[in-house]
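I opened this structure to look up its fold and one of its pockets. My entries are below the display.

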Amino acid sequence: MTANDVFLVIMRWIHIIASVAWIGGGLFYMFALGPALRRSGDSGRAVNRHTAAEFGVLVNICFFLILVTGISLTFDRLSEGVTGIAYVAILALKIALSVWIFLLARSRRRRSALMEAHRPRPQPPNTKFGKIIRAVSGYNAVVIIGVFVLLLADILNTLYEIAIR
């Protein structure tokens, strides 16, 4: 194993850990913490605000690590010359969705911070359609798209393995 191989293993490991921390934290919030906080009334609002601030720090660190390692890994895979058009197209989709996730998270965080003090709490939607929209919007959208990005990463890995055979 060369020094370059060790470097790439470390880059992939950091990339995966940062991705899983971000998306895993979002899944935990979506399925465990969020519902518990909604049931806890006003006391949950303070916990939610503090949790969001702490998780925001983790998200910023993860985004930076994903960006740096992703650039390194992209150059490595594309410079080998074994990947085809399908690989590049899926990689472009993965990058576009990753940028979209970041923008969604950033805009949601800023909007929440600005509006939190001034807006009344909306009533949870009572219709089935309203519940579905709530389930797939906001931070939940970040998690859903993030899970899809992880699937695209696995597809890219499979395409790469096929290409090097």
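**Entry: model and fold.** I note that the model is predicted. I looked up the secondary structure and found five helices and zero strands in the protein chain. Along the sequence, I read the pattern as α-α-α-α-α.

**Entry: burial and surface.** I checked how much of the chain is buried: of its 165 residues, 27% are.

**Entry: contacts.** I took the contacts in the protein chain between residues at least 6 apart in sequence. Of these, 82% join residues at least 24 apart.

**Entry: second largest pocket.** I looked up the volume of the second largest pocket, which is about 890 Å³. I then listed its lining, which has 29 residues; His 15, Ser 19, Gly 70, Lys 94 and Ala 153 are the closest to the pocket centre.

**Entry: who supplies the lining?** Which helices each give at least two residues to the lining of the second largest pocket? I found H1 (3-39), H2 (42-79), H3 (85-115) and H5 (139-164). Helix H2 gives the most, with eight residues.

Entry: I sorted the lining residues of the second largest pocket by type and got 18 nonpolar, seven polar and four charged.

Entry: I rely here on a general point: a probe the size of a water molecule, rolled over the atoms, shows where empty space is left.

Notes. Residues numbered from 1 in each chain as written. Predicted model: local features only at pLDDT ≥ 70, side-chain atom pairs only at ≥ 80, totals over all residues. Heavy atoms only, no water. Helix = DSSP H or I, 4+ residues; strand = E, 2+ residues; numbered from the N terminus. Buried < 20%, exposed > 50% of the residue type's maximum accessible area, 1.4 Å probe, protein only. Contact = heavy atoms within 4.5 Å. 1 Å grid on protein atoms, 1.4 Å probe; cavity = no way out; pocket = protein on both sides within 12 Å on 5 of 7 lines; lining within 4 Å. Points joined across faces, edges and corners; volume = space filled by probe spheres on them. Nonpolar A, V, L, I, M, F, W, Y, C, P; charged D, E, K, R; others polar.
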